[in-house]
Amino acid sequence: MLSQYKVEPAATANDREAVKRSLLNHLIHSVGKDPEYATSRDWFIAAAFAVRDRLIERWMQSMRSYYERDSRRIYYLSMEFLIGRTLTNSMISLGVYDVFKQAIADVGYDLEELQGWEVEPALGTGGLGRLAACLLDSMATLGLPGYGYGIRYEFGMFTQHIENGWQVEAPENWLRYGNPWEFPRPGVIYPVRFGGRILEYKDAEGVLRHHWADAEEVMAMAFDLPIPGYGGSTVNNLRLWSARSTREFNLKYFNAGNYIEAVRDKNESENLSKVLYPSDSTARGKELRFKQEYFFVSASIQDILARFRKGHRSFDELPDYVAIQLNDTHPALVIPELMRILVDDNHYEWDRAWSITSRTCAYTNHTLLPEALETWPVEMFERLLPRHLQIVYEINQRFLSDVYHRHPGDADLLRRASLVDEVGERRIRMSHLAIVGSHKVNGVARIHTDLMRKTIFADFDLLQPGKIVAKTNGVTPRRWLLNANPGLANLITGRIGEDWITELDELKKLEPLAEDAAFRQEFAAIKQNNKSRLAEVIGQRLGVPVDVNSMFDVMIKRIHEYKRQLLNVLYVIARYNRIRANPSLDITPRTVVIAGKAAPGYAMAKLIVKLINDVADVVNNDPMIGNKLKLVFVPNYNVATAEFIIPGANLSQQISTAGTEASGTGNMKLAMNGALTIGTWDGANVEICEEVGEENMFLFGLRAHEVAKRRAENYDAWAAYAQNAELRQVLDMVRDGYFCPDQNDRFHPIFDALTAGGDYYMLTADFAAYSAAQDRADALYLQQDEWNRKAILNVARIGKFSSDRTVLDYAREIWYAPRGE
């Protein structure tokens with residue numbers, strides 16, 4: 001058999017000379033450059049190809065083994081995958097980091113310099129995509145047959161620039177220089193249809209059938225990225241779809257000289273994979289986003305079923321060999337698409353098809369905000385996917401019939417549980433579709449799941465008790481500690497061995513070392529080195545000198561009102577006022593680091609970015625303040641940025657309004673790297689507190705039920721403003737243009753939202769408690785030895801929050817672990 005043929009060992013050997021030969025061979029034969037004239041970027045590409053060589057055979061062996069064992073495969077469908085840079089992560093996974101570093105040095109370059117040339121794949125915006133990437137890493141590390149499916153966006157969300165303090169968006173053309181890690185698969189291409197009409201007919205047995213006719217077609221072509229697990233024994237696959245037109249151009253228009261019209265159809269088709277999350281502020285933007293979701297769902301399902309049919313004849317076996325995880329509602333169209341294929345194309349009767357579909361699919365919810373739950377207009381749905389809408393209606397009719405018979409006379413329950421929102425413009429509720437069509441639904445933290453059951457999905461918990469379960473998020477320690485913080489990783493390994501890399505609970509062995517003065521000193525020295533590195537980057541990028549002995553106070557996440565970057569900057573203003581009022585004040589020096597992107601159409605979030613930068617401009621240039629306080633906004637936040645910020649953080653800000661953050665993963669990454677958390681009783685903060693101890697965090701503020709109670713009682717934000725003199729001074733400065741003398745009323749919308757607007761996210765309600773928690777952090781930071789002891793305990797007790805544990809929980813309770821594994 002061809003599979004018996006092996007790559008010559010010399011081609012992928014891992015001794016220093018073999019790696020050097022591999023680098024030179026790829027530089028000459030793959031990059032086409034003479035070593036005498038090659039640039040560092042050329043050497044990066046050569047290094048990427050050399051590492052890729054060492055992935056490929058293991059990748060093929062992994063794929064082969066799944067067929068041989070007839071494993072139950074796990075398919076993770078997500079609109080986002082923030083996988084980060086691949087070069088050093090793959091080297092570490094394969095165990096070749098040191099030898100490659102030496103070989104690269106032998107040819108006259110530094111590995112870190114080469115890595116700087118790698119452009120991060122712009123396949124996501126934040127936590128959703130980063131979680132997906134962590135889970136893929138863990139599936140491969142654990143040897144589970146996991147596949148990712150998504151879209152190969154030509155442009156990411158955007159590149160964020162700051163001009164005069166404002167966020168300015170530019171296209172994120174991450175593929176400008178190609179991607180050395182991907183494998184185009186022109187032979188793996190599927191048609192995806194839109195529009196058309198539905199023909200009804202009866203077959204020879206008198207059964208009503210449906211045929212989807214006269215639809216427009218777009219082709220989905222596959223690009224594969226290998227995903228190595230730590231140790232390199234398993235390499236899984238991330239398959240991304242790129243849109244291709246069925247027609248290159250219209251020759252008639254071309255010959256007539258109308259070149260734009262000649263390629264119009266091609267361009268419109270290929271727009272489907274152009275941009276991550278096109279703006280949905282226009283009808284065309286909404287339509288494009290909806291089409292994107294079906295595009296990747298249709299191609300993925302066709303591919304999954306094609307692979308399944310290689311070893312199985314009947315789709316009745318599908319739930320035994322296939323698990324499809326829907327990462328949020330974006331892939332929820334899997335449910336009507338799979339039903340369409342079973343019922344229309346394969347003539348399964350409805351109940352049989354429904355059993356197969358619902359036992360195959362599971363859904364992860366990521367939000368408690370009702371306005372963030374995806375819905376689509378019926379009119380658009382019917383125009384673009386007419387047969388799918390019919391199927392959704394049929395699912396809804398059967399579901400509501402069951403609800404009616406179990407709860408007769410409860411019209412409100414029927415209205416709330418319906419897949420169709422009948423209020424105003426009729427819309428399809430995608431979260432309801434995902435819940436009804438899945439055998440399990442999970443939240444991503446325990447408090448999040450409890451709130452799902454009690455609030456937004458209380459009806460479904462009543463109707464199908466036990467269906468909604470908790471699967472607390474985790475992060476991969478390979479990326480976020482071993483790769484991002486090698487100094488700390490080496491210290492840990494030197495004391496407790498390397499088992500922690502794949503068994504994060506092993507970090508508990510560090511607990512006794514928190515009482516070891518020598519270990520605390522080593523730990524502190526590593527943190528100081530990381531802070532020096534971060535300070536150097538801040539100085540180079542932003543031109544702001546910062547004191548490496550100050551507390552590095554970090555808040556890195558998407559800019560949103562519920563995440564409350566605004567509360568952070570209001571406290572910075574209060575701190576600024578304290579120093580100005582008493583220049584001799586003995587106050588803990590702070591460097592406040594904020595990073596994150598605001599959605600282009602989110603005016604308030606962009607105004608908050610502007611306020612942060614305007615405040616920074618005043619604070620950082622006030623000679624009375626000096627090094628006692630600095631505020632920096634690091635633009636264009638991404639995985640690579642997080643990797644240099646997180647290791648240098650002392651304080652981790654996780655201050656969302658209680659009951660709004662599903663989980664958060666930044667809280668886990670920062671604690672894993674020895675930052676102490678200042679946070680609310682929200683998301684995974686609650687479970688982190690249970691593990692590391694409340695005495696080793698700075699928790700504050702209202703609980704979720706207290707937030708709900710205050711809202712129900714029409715919380716009086718004006719009273720909080722009037723009663724707290726420090727808060728009143730801060731908000732007056734924001735309102736009166738203290739930080740924007742060029743336009744005094746610029747920040748009136750912020751003042752109004754926090755006062756007359758009712759302060760929905762409870763910043764004024766939590767301000768005093770937040771300020772008190774910050775005072776506790778100040779006091780502890782002055783006791784450096786005690787601070788370091790608590791930081792070590794955070795690291796030692798963070799083991800629960802490995803994505804390996806998360807994946808094993810999914811495998812046991814949702815995916816039902818692969819056969820024979």
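A cavity is a set of points, on a 1 Å grid over the protein atoms alone, where a 1.4 Å probe fits but cannot get out; its lining residues have an atom within 4 Å of a point. Grid points are joined across faces, edges and corners, and a volume is the space filled by probe spheres set on the points. The model on display is predicted: local features need pLDDT of at least 70, side-chain atom pairs count only at pLDDT 80 or more, and totals for chains, interfaces and linings use all residues. Residues are numbered from 1 along each chain as its sequence is written, and side-chain values use heavy atoms, with hydrogens and water left out.

**Cavities**

The structure holds three cavities of 30 Å³ or more. The largest cavity has a volume of about 220 Å³. To find it, select Ile83, Asn89, Ile227, Pro228 and Arg479, which are the closest to its centre among the 18 lining residues. Next, colour helix 4 (87-94), helix 7 (127-141) and strand 8 (216-228), each of which supplies at least two residues of this lining. Helices (H or I, at least four residues) and strands (E, at least two) are DSSP runs, numbered from the N terminus. By class, the lining of the largest cavity comprises nine nonpolar, five polar and four charged residues. Here Ala, Val, Leu, Ile, Met, Phe, Trp, Tyr, Cys and Pro count as nonpolar, Asp, Glu, Lys and Arg as charged, and the others, Gly among them, as polar.

**Salt bridges**

A salt bridge is a side-chain nitrogen of Lys or Arg within 4 Å of a carboxyl oxygen of Asp or Glu. The whole structure contains 59 of these salt bridges. Select Lys471 and Glu813, whose side chains meet in one at 2.9 Å, N to O. This pair links distant parts of the chain, 342 residues apart: Lys471 is in the loop between strand 16 (468-470) and helix 21 (477-483), and Glu813 is in helix 35 (residues 803-815). Lys471 is buried at 3% relative accessibility, whereas Glu813 is partly exposed at 41%. Buried means under 20% relative accessible area, exposed over 50%, and partly exposed in between (1.4 Å probe, protein chains only).

Continue to Arg495 and Asp516, where the closest N and O atoms of the salt bridge are 3.9 Å apart. Then display Arg185, Asp224, Arg239, Asp303 and Arg307, which are linked in a network of salt bridges.

Three strands form an open, antiparallel sheet in the order 12-14-13. Strand 12 (375-377) and strand 13 (420-421) are the edge strands, each pairing on one side only. Two strands pair if DSSP finds at least two bridges between them; three bridges join strand 12 to strand 14 (residues 427-429). Zoom in on Thr375, which stands opposite Arg429 in strand 14.

**Two loop residues**

Most residues other than glycine have a negative phi. Select Asp70, in the loop between helix 3 (40-69) and strand 1 (73-77); its phi is near 55 degrees, a positive value. Finish at Asn636, in the loop between strand 19 (629-634) and helix 26 (639-645), with a positive phi near 60 degrees. Asp70 is partly exposed at 26% relative accessibility, and Asn636 is buried at 19%.

Technical notes: 1 Å grid on protein atoms, 1.4 Å probe; cavity = no way out; pocket = protein on both sides within 12 Å on 5 of 7 lines; lining within 4 Å.
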